[in-house]
Amino acid sequence: MINVVICDDHAILRRGIRDTLMEAEDITVTAEASGYSELRDVLRTAACDVLLLDINMPGRNGLEVLASLRETHSAIKVLVVSMYPEDQYALRSIKAGAAGYANKAGDPVLLIDAVRTVHSGRKYLTAEVAQMLADSLAQPAAPVPHETLSEREMQTLLK
């Protein structure tokens, strides 16, 4: 059984993700959190193999939470699930330690595949993210302007 915790500040989205994951017999949602402080409490008691983490949350954003988790819960595999297009945050999330990136606008069935992929120890990349990664390796040209921003600058830009 794959134990999943969902961290997103929108209750409706958490429910939609939970309902989607319940369709898989090998996945169970053990807890939900609406932000970092609640997530810390949840992780003390709930089993968690894979954390589905939103980027845009009040207080600490998802990438800041990801950095904290790398120190305190390094065994948990993190799948970033966000509304932001892949070109804005996918590579940034992977570089920060996420095991994958899924867009909230994507096919819900792919989320089940993403959880299974991440749980198995592999990276989950959509075709678009894989292409961006390949392009960045093949042509280390000047970065896209938003890629040079710090996490805080990016957060401010997107608000």
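Trainee: On what basis are residues numbered and values computed?

Mentor: Residues are numbered from 1 along each chain as its sequence is written, and side-chain values use heavy atoms, with hydrogens and water left out. As the model is predicted, local features need pLDDT of at least 70 and side-chain atom pairs count only at pLDDT 80 or more, while totals for chains, interfaces and linings use all residues.

Trainee: In what order do the elements of the protein run from the N terminus on?

Mentor: Helices (H or I, at least four residues) and strands (E, at least two) are DSSP runs, numbered from the N terminus. The protein has 7 helices and 5 strands. From the N terminus on, their order is β-α-β-α-β-α-β-α-β-α-α-α.

Trainee: What is the radius of gyration of the protein?

Mentor: The radius is taken over C-alpha atoms, and the globule rule is 2.2 Å times the number of residues to the power 0.38. For 159 residues that rule gives 15 Å, and the protein is close to it, so it is as compact as a globular protein of that length. The radius of gyration is 15 Å.

Trainee: What percentage of the 159 residues is buried?

Mentor: Buried means under 20% relative accessible area, exposed over 50%, and partly exposed in between, with a 1.4 Å probe and protein chains only. By that criterion, the buried share of the 159 residues is 43%.

Trainee: Are helix 2 and helix 3 roughly parallel or roughly perpendicular to each other?

Mentor: Axes are lines fitted to C-alpha atoms, for helices over the stretch in contact, and angles run from 0 to 180 degrees between N-to-C directions. Angles under 35 degrees count as roughly parallel, over 145 as roughly antiparallel, 65 to 115 as roughly perpendicular and the rest as oblique. Helix 2 (residues 36-45) and helix 3 (residues 62-72) have axes 11 Å apart, at an angle of about 30 degrees. The two helices are therefore roughly parallel.

Trainee: Which residues make the contact between helix 2 and helix 3?

Mentor: Contact means heavy atoms within 4.5 Å. Helix 2 contributes Tyr-36, Leu-39 and Leu-43, and helix 3 contributes Val-65, Ser-68 and Leu-69.

Trainee: Which residues does Ser-68 contact, leaving aside its neighbours within four places in sequence?

Mentor: Ser-68 lies in helix 3. At 11% relative accessibility, Ser-68 counts as buried. Beyond its neighbours within four places in sequence, its contacts are Tyr-36 and Arg-60.

Trainee: Are helix 4 and helix 6 roughly parallel or roughly perpendicular to each other?

Mentor: The axes of helix 4 (residues 86-95) and helix 6 (residues 127-138) come within 10 Å and cross at roughly 70 degrees. Glu-86, Asp-87, Ala-90 and Leu-91 of helix 4 meet Val-129, Met-132 and Leu-133 of helix 6. Helix 4 and helix 6 are therefore roughly perpendicular.

Trainee: Which residues of helix 4 are buried?

Mentor: Helix 4 is followed by Gly-97, whose phi is positive, near 115 degrees. Within helix 4, the buried residues are Glu-86, Tyr-89, Ala-90, Leu-91, Arg-92 and Ser-93.

Trainee: How far apart in space are Ala-31 and Thr-45, C-alpha to C-alpha?

Mentor: Ala-31 has its place in strand 2 (residues 27-33) and, at 16% relative accessibility, counts as buried. Leaving aside neighbours within four places in sequence, Ala-31 is in contact with Val-4, Val-5, Ile-6, Val-42 and Ala-46. Ala-31 and Thr-45 are 14 residues apart in sequence, and their C-alpha to C-alpha distance is 9.2 Å.
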